[in-house]
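This report looks at how the parts of one protein chain are arranged. Please keep the structure in view while reading.

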Amino acid sequence: MDFRSAEAERHYEDVVAHASGLVVGMDFDGTLAPIVEDPAAATILPGTGDLLVDLAESVSALAVITGRPARQVLALGGLEEVGVAVGQHGRVLHVLGQYGNERWSSVDRRILSPQPPRGLSTFESRLPGLLRRYDAEGAYVEDKGLAVGIHTRRLDDPRGAFDRLLDPVRGLAEELGLQVEPGRLVIEVRAPGTDKGAAVRRLVEQVGAQAFCFVGDDLGDVAAFRAVRDLREQGAVAGLLVCAGSPEERALVDLADVVVDGPDGVQEFLRRLAADTGVRAG
Ligand SMILES: O=P(O)(O)OC[C@H]1O[C@H](O[C@H]2O[C@H](CO)[C@@H](O)[C@H](O)[C@H]2O)[C@H](O)[C@@H](O)[C@@H]1O
């Protein structure tokens, strides 16, 4: 666990000092779940669910804030069960799916989701032709209901295919009023108007958070990092930014207070946070 500066250590102490008003927000893929080739085969790292339940005892709330559909992340993370156990501590687990477009909580236990954006079905019908033109026919297309993910991880040259596709996919998406969200060898096309930063801000307001710790690994988490950093600079919350580092993605490293080694390092961080906030609560 690498604290990037003495100031970062002070931010950690500050969120621990505000444990009773602390919300811990976490990304899923690459943070709670190791990256695998097949998106449908991702699962939360064994042991992480129990750590979340332990941590819930001494903080205000937990949130999984993800690009995944809420229903899918509930299943892949075993999060319904985690939510029940978190509820037994009198705390709440929030799941904000599709970059904040979908909401679930362990209190009301139903998913609130908008209609798919206009333009998405036209995008999907024109996508096979675009993939053929840019020599990426074998890309895996993930239909997320409100969005589409174009995955290049399983192609022969994943990074090359990603780079070839990014501009033309963005061009078509923008023509149809949609937004592009680049990720780890995936280009997502979704509704504009929200991102993980907006999701963090809404949650801070909704639960009256005094502190917010966000743990993420990827480009889609930059907006959440910026939201927490800005709220901290305004004095609205104590804040801590934790990067689940990987050789594949470095976008968050320079923004982070703490860098850990992927989902294993996230477990180590959550264990330490549970211990330090538990001491304070006890
Ligand atoms: O916001 P996140 O929880 O990080 O979700 C972002 C996207 O993650 C998924 O794709 C990534 O993980 C896959 C499984 O490990 C991997 O195969 C892929 O290369 C990664 O980009 C997911 O499939 C997307 O729907 C999420 O939006």
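## Helices α5 and α6

Helices α5 and α6 are roughly antiparallel to each other, because their axes cross at roughly 155° and an angle over 145 degrees counts as roughly antiparallel. The model shown here is a predicted one. Helix α5 covers residues 120-133 and helix α6 covers residues 158-175, and their axes come within 11 Å. The crossing of this pair is right-handed.

On the α5 side, the residues that meet α6 are Phe 123, Arg 126 and Leu 130. They face Pro 168, Val 169, Leu 172 and Ala 173 of α6. Sorted by class, this contact contains six nonpolar residues, one charged residue and no polar ones.

## Helices α7 and α8

The crossing of α7 and α8 is right-handed.

Helix α7 contributes Lys 196, Gly 197, Val 200, Arg 201 and Val 204 to the contact. From α8 come Ala 223, Ala 224, Arg 226, Ala 227, Val 228 and Leu 231. The classes here are seven nonpolar, one polar and three charged residues.

## The two domains

How is the protein chain divided into domains? Domain 1 is made of the stretches 2-114, 194-246 and 264-281, while domain 2 is the stretch 120-190. The centres of the two domains, taken over C-alpha atoms, are 28 Å apart.

## Around the ligand

Which residues come nearest to the ligand? There are 24 residues around the ligand, and Phe 28, Asp 29, Pro 39, Thr 66 and Gly 67 come nearest. The elements that give two or more residues to this shell are β7 (147-151) and β9 (186-190).

Both domains take part in the shell: domain 1 and domain 2 each supply at least three residues. By class, the residues around the ligand are seven nonpolar, seven polar and 10 charged.

Note on methods. Residues numbered from 1 in each chain as written. Predicted model: local features only at pLDDT ≥ 70, side-chain atom pairs only at ≥ 80, totals over all residues. Left-handed = near helix turned anticlockwise from the far one by under 90°. Helix = DSSP H or I, 4+ residues; strand = E, 2+ residues; numbered from the N terminus. Contact = placed C-beta atoms within 7 Å. Nonpolar A, V, L, I, M, F, W, Y, C, P; charged D, E, K, R; others polar. Domains from an automatic or database assignment. Near = placed C-beta within 6 Å. Axes fitted to C-alpha atoms, helices over the stretch in contact; angles between N-to-C directions. Parallel < 35°, antiparallel > 145°, perpendicular 65-115°, else oblique.
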